[in-house]
Amino acid sequence: MSNLRRTMLFCPASNPKLLFTAMIYKPDCILFDLEDSVAYKDKIASRDLLVEALKSVDYKGCEVFARINSLDGEFGEEDVRELVKAGLRKIRLPMCESKLDVRTLAELLDEVEEKNNIENGSVKIQCSLETPKGVHHSLSIATASKRVISISFGAEDFTRTLGVNRTKNGVELAYARGLIVLNASIAGVDAIDTVYADIADVEGFLAEVKNAKAIGFAGKSCVHPSQIPLVHDIYSPSEEEIEWAIKILKASQAANINEGGVILVEGKMVDIPVIEKAKRVLKLAQVTIENGGIDE
């Protein structure tokens, strides 16, 4: 089972306060951004800040990602070299449109890992799909390298490229979201949904998160700490779901079908996929309890 990635808190790397405090909001993942949210004149200084933070800050178990600048530009390659050397092990590749983009980064990581005596393959990749071309190639992107652990959706650039407005009901995103989730599932990686930028619109945010969970996204990108508990609440299992998961696991262990076979639990068929879902429910419950969201 992969790490839980229900929330990915977006933090500009040019913001020193967030570099040193983002973990107190208890997101599953922190995404430090060196790309769009950082002005050209601040690119190198922000990278240096992030390098120092990676060397000195305890992120309390949060997965730490960094969105690098484009590898086609003047900052991207050096972002990779400096951040990996400082200890970063998760990189988000922006504007990913093809498997070649992934393989270019993977080959650079091969070189950087060898130069710094880091085990080959240690650094993982999240591919950001922000254009129709990227979404269309999502399966080949997700399977381009064993380093790829997730693909994320960027709706603002997607709608800009498509030439449409982003609406509250998200009808213009429906096909892209569905395709990304299906291809992530085929590839065996996580799919992370796009941000919801209107922080004041809690009702709209909740509706979008519920939809993302319903169609199969593993988590949601967040632009403000206030969004984190809302996402965790939606992604956390109910007491009924936890009780049912425990029943399934106990029954499957008693019948010894954890490696194959079918049994009935209260008249419902239970097989390996159902058992795996039950395990994920309990994993979610465990994380929620650890974060103080459920009374033990």
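Predicted model: local features only at pLDDT ≥ 70, side-chain atom pairs only at ≥ 80, totals over all residues.
**Entry 1: strands β3 and β4**

I began with strand β4, residues 90-93. Which neighbour does β4 pair with, and in which direction? Strand β3 (residues 63-67) runs parallel to β4, and 2 bridges join them.

**Entry 2: a buried charged pair**

Side chains of opposite charge can pair when their charged atoms come close. K90 forms a salt bridge with E63, and the closest N and O atoms are 2.6 Å apart. Because E63 sits in β3 and K90 in β4, this pair ties together parts that are 27 residues apart in sequence. Are the two partners buried or exposed? E63 has a relative accessible area of 8%, so I put it down as buried. K90 is buried too, at 16%.

**Entry 3: pairs within helices**

My search of the whole structure gave 25 salt bridges.

- K55 pairs with E52, with 4.0 Å between the closest N and O atoms. They are 3 residues apart in helix α2 (residues 43-56), so about one helical turn separates them. K55 is exposed at 56% relative accessibility, while E52 is partly exposed at 45%.
- K279 and E276 meet at 3.5 Å, N to O. Both are in helix α12 (residues 272-290), again 3 residues apart, about one turn. K279 is partly exposed at 35%, and E276 is partly exposed at 39%.

I also found a salt-bridge network that links E156, R166, R177, D193, E208 and K220.

**Entry 4: surface patches**

Which residues make up the negative patch on the surface? I found E239, E240, E241 and E243 there. E239 belongs to helix α11, residues 239-255. Its relative accessible area is 58%, so E239 counts as exposed.

I then turned to a nonpolar patch, formed by V262, L264 and M269. Together they have about 340 Å² of accessible area. V262 lies in the loop between α11 and β9 (263-265), and it counts as exposed because its relative accessibility is 53%.

Methods: Residues numbered from 1 in each chain as written. Heavy atoms only, no water. Patch = residues over 30% accessible without salt bridge, like charges linked within 9 Å, V, L, I, M, F, W, Y side chains within 5 Å. Areas by Shrake-Rupley, 256 points an atom, 1.4 Å probe, with all protein chains shown as cover. Salt bridge = Lys/Arg side-chain N within 4 Å of Asp/Glu carboxyl O. Lys, Arg positive; Asp, Glu negative; His and termini not counted. Charge placed at Lys NZ, Arg CZ, Asp CG, Glu CD. Helix = DSSP H or I, 4+ residues; strand = E, 2+ residues; numbered from the N terminus. Buried < 20%, exposed > 50% of the residue type's maximum accessible area, 1.4 Å probe, protein only. Pairing = 2+ DSSP bridges.
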